[in-house]
Amino acid sequence: IAIGIFGIVLSVRAVKNLSEAPIVLKVAEVLNLPVAKINGKPISYVSYINDLKTLKNFYAKAPEESNIPDFTDEEISDQALSRLILNSVMSDLAKQFDVSVSDEDITEMKNMFFAQYGSQEVVEKQILEQYGWDMETYVDKIMRPLKLEQKVAEVFKSGAAGEEGKKYETGEEEVKASHILLRCQRNASGK
């Protein structure tokens, strides 16, 4: 029992240091350790690490002519965490304002995507090369959250959010974030 507790404590510490070690990820998954909590809802550490790895891979494979700037590891980490936080907030707002993404919405997005790039096969190959994902994962991680964000924005633009929506627009409503684990770099003076 003591060895098990010691292993869990070490894994939790490794999570705080943003470890990507497979054993740490497995323990984090089993214990459902969060990288952050938004309005009391945890954002999975494993999801964060998976998205972080995907972004790093995406930027590493981006063609030079794409003019994508060279992001630091910290900036990429911020992007991954920011996207997970935004998705969580959008999910909460969608529930609050009864907004959802239908299969038809996704089919429409896919068809536009396929038409833009030529065919479904070309798109699926490109997604696999750039992200390491299949089409279903791309839909779940990119298309569905993007469409949900668009639909929530439409509710606010139309005024259908009413008085509750005005709280968000004026900053009266707050999103509470806690337990965000980030590495801090110290300068020479130790600050």
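Here is a friendly conversation about helix packing, salt bridges and aromatic pairs in a predicted model.

Student: At what angle do helix α5 and helix α7 pack?
Tutor: Helix α5 covers residues 103-117 and helix α7 covers residues 135-158, and their axes lie 10 Å apart. The arrangement counts as roughly perpendicular, because that class takes in angles of 65 to 115 degrees. The packing angle is about 110°.

Student: Which residues of α5 make the contact with α7?
Tutor: From the α7 side come Met135, Tyr138, Val139, Met143, Arg144, Leu146, Lys147 and Lys151. On the α5 side, the residues are Asp103, Asp105, Ile106, Met109, Lys110, Phe113 and Phe114.

Student: Let's turn to charges. How many salt bridges does the structure hold?
Tutor: Side chains of opposite charge can pair when their charged atoms come close. One of the pairs here is Glu29 with Lys26, and another is Lys125 with Glu129. The structure's total is six.

Student: How far apart along helix α2 are Glu29 and Lys26 in turns?
Tutor: Their side chains meet in a salt bridge, with N to O at 3.4 Å. Glu29 is partly exposed at a relative accessible area of 47%, and Lys26 is partly exposed at 47%. The two sit three residues apart in helix α2 (residues 22-31), so their separation is about one helical turn.

Student: Which residue forms a salt bridge with Asp51, and is Asp51 buried or exposed?
Tutor: The closest N and O atoms of this pair are 2.8 Å apart, and the partner is Lys141. The bridge links distant parts of the chain, with Asp51 in helix α3 (residues 45-61) and Lys141 in helix α7, 90 residues apart. Lys141 has 30% relative accessibility and counts as partly exposed. Asp51 has a relative accessible area of 14%, and since the limit for that class is under 20%, Asp51 is buried.

Student: What is the distance between the closest N and O atoms of Lys125 and Glu129?
Tutor: Both residues lie in helix α6 (residues 120-131), four residues apart, about one turn of the helix. Lys125 is exposed with a relative accessible area of 54%, whereas Glu129 is partly exposed at 43%. A salt bridge needs the nitrogen and oxygen within 4 Å, and in this pair the distance is 3.8 Å.

Student: On to the rings. How many aromatic pairs does a search of the whole structure find?
Tutor: A pair of aromatic rings is described by the distance of the centres and the angle of the planes. Ring pairs link Phe58, Tyr59, Phe71, Phe113, Tyr117, Tyr131, Trp133 and Tyr138 into a cluster. The number of aromatic pairs found is ten.

Student: Is the pair of Phe113 and Tyr138 stacked or edge-to-face?
Tutor: Phe113 belongs to helix α5 and Tyr138 to helix α7, 25 residues apart. Phe113 is buried at 18% relative accessible area, and Tyr138 is buried at 10%. The centres are 5.6 Å apart with 5° between the planes, which makes the pair stacked.

Student: What angle separates the ring planes of Tyr131 and Tyr138?
Tutor: Both of these tyrosines are buried. Their rings lie 5.6 Å centre to centre, in a pair that counts as tilted. The angle between the planes is 55°.

Conventions. Residues numbered from 1 in each chain as written. Predicted model: local features only at pLDDT ≥ 70, side-chain atom pairs only at ≥ 80, totals over all residues. Heavy atoms only, no water. Axes fitted to C-alpha atoms, helices over the stretch in contact; angles between N-to-C directions. Parallel < 35°, antiparallel > 145°, perpendicular 65-115°, else oblique. Contact = heavy atoms within 4.5 Å. Buried < 20%, exposed > 50% of the residue type's maximum accessible area, 1.4 Å probe, protein only. Phe/Tyr/Trp six-rings, centres within 6.5 Å; stacked < 30°, edge-to-face > 60°.
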